[in-house]
Amino acid sequence: RLEKCGYENVFGALAGTAASYFCNMSCSGPFDEHAALTLHLNSYALVAGFSLGSTVNMIRSICPWALLASQEAPNRRMQTKNGWIRVHNIEGSQQQLVRQLFQEAYLTLSFKHQPIKRMVKNALKTDLSVDARSSQATFCYIGNRYSLSGGFFLVAEEENREETDGKSVVGCLGVRLSRSHRNGEPHTYEINRFVVDSERRGRGIGSALLEVAQARLSTMIGSYRMLARTPTIMHSANQFYRRNGFNLVHQENVGQIQMNTYALRMHTQ
């Protein structure tokens with residue numbers, strides 16, 4: 001409707017995402033008042049429209065989340081140990097493939113650990129959910145959901161896949177805004193739903209996804225901080241973060257599972 005009224009640039013975000021740019025929305029616990037407020041705010045969305053004559057500074061001052069969320073991730077072709085892959089924003093036709101990849105990545109752990117099984121089930125019902133009844137088959141629910149959260153969702157496609165097992169999506173990584181820039185601290189982004197096909201681990205696909213995500217954030221906002229949470233029992237994931245410069249900053253127990261939180265601060269000259 002805004003576009004029909006002459007506003008060429010239209011941006012939207014969840015109210016909780018928008019609010020995090022102006023005040024501290026971090027939660028000390030899953031059931032404190034901040035968590036309740038965030039949940040309530042994320043029941044609403046903010047939409048703003050700008051004419052073609054609007055400057056970047058004007059848009060950034062009114063909608064600081066807009067410029068990152070609206071940027072298309074470059075379609076990057078990267079070489080890994082076993083060939084070439086393409087890393088780009090998720091497309092509507094790839095959503096079921098991502099859901100399947102995510103389920104398969106945790107299949108063994110889900111049988112052994114109930115907290116992992118609940119985490120997978122919750123992900124498929126929330127940020128990885130897709131409305132199968134919708135007539136808009138190409139609409140990207142997952143990508144739009146991450147965009148509204150001030151981030152993006154990337155997938156990795158393996159080239160010449162007809163020569164292997166025909167799989168299209170072999171890795172994925174989501175990025176969400178966790179806390180905005182304030183008091184001299186940089187923007188903080190969380191890594192979510194970061195998985196690689198079990199038969200293709202160790203080939204550099206995860207490193208390629210992380211590299212593209214970091215490059216995009218550096219280009220758009222400069223200095224920032226990344227957070228990643230992973231169970232201690234996922235040894236390869238913990239080793240991956242340490243190998244890529246992340247530091248262990250927090251540990252907590254979720255049921256019988258210990259969760260590790262890693263952080264990495266990136267500075268752009």
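Let's start with helix H8, which covers residues 141-148: its buried residues are Tyr-141, Ile-142, Gly-143, Tyr-146 and Ser-147. Keep in mind that this is a predicted model. Just past the end of H8, Gly-150 adopts a positive phi of about 80°.

Tyr-146 has Arg-176 lying over its face, 4.4 Å from the ring centre. Tyr-141 pairs with Phe-139 in an edge-to-face arrangement, with 4.9 Å between centres and 80° between the planes. Tyr-141 is buried at 17% relative accessible area, while Phe-139 is partly exposed at 32%.

| Residue | Relative accessible area | State |
|---|---|---|
| Phe-139 | 32% | partly exposed |
| Tyr-141 | 17% | buried |
| Cys-140 | 14% | buried |
| Cys-172 | 0% | buried |

How many disulfides does the model have? The count is zero, taking a disulfide as two cysteine sulfur atoms within 2.5 Å.

Back to the rings. There are eight aromatic pairs in total. Ring pairs also tie Phe-194, Phe-240, Tyr-241, Phe-246 and Tyr-262 together into a cluster. Elsewhere, Arg-77 puts its charged end over the ring of Trp-84, 4.1 Å from the centre.

In soluble globular proteins, nonpolar side chains tend to be buried together. The largest core here has 29 residues, and the members touching the most others are Val-87, Ile-191, Leu-209, Tyr-241 and Phe-246. At least two residues each come from strands S4 (83-89), S5 (152-158), S6 (169-179), S7 (187-196), S8 (224-231) and S10 (257-266), and from helices H9 (205-221) and H10 (235-243). Which element gives the most to this core? That's H9, with seven residues.

Setting aside neighbours within four places in sequence, Ile-191 contacts Leu-173, Gly-174, Leu-210, Met-226, Leu-227, Ala-228, Tyr-241 and Phe-246. Tyr-241 and Phe-246 turn up in the aromatic cluster as well.

Conventions:
Residues are numbered from 1 along each chain as its sequence is written. This is a predicted model: local features need pLDDT of at least 70, side-chain atom pairs count only at pLDDT 80 or more; totals for chains, interfaces and linings use all residues. Side-chain values use heavy atoms; hydrogens and water are left out. Buried means under 20% relative accessible area, exposed over 50%, partly exposed in between (1.4 Å probe, protein chains only). Rings of Phe, Tyr and Trp (its six-membered ring) pair if their centres lie within 6.5 Å; planes under 30 degrees apart count as stacked, over 60 as edge-to-face and the rest as tilted. A charge sits over a ring if NZ of Lys or CZ of Arg is within 6 Å of the ring centre and within 35 degrees of the ring normal. Helices (H or I, at least four residues) and strands (E, at least two) are DSSP runs, numbered from the N terminus. A nonpolar core is a set of buried Ala, Val, Leu, Ile, Met, Phe, Trp, Tyr and Cys residues joined through side-chain atoms within 4.5 Å. Contact means heavy atoms within 4.5 Å.
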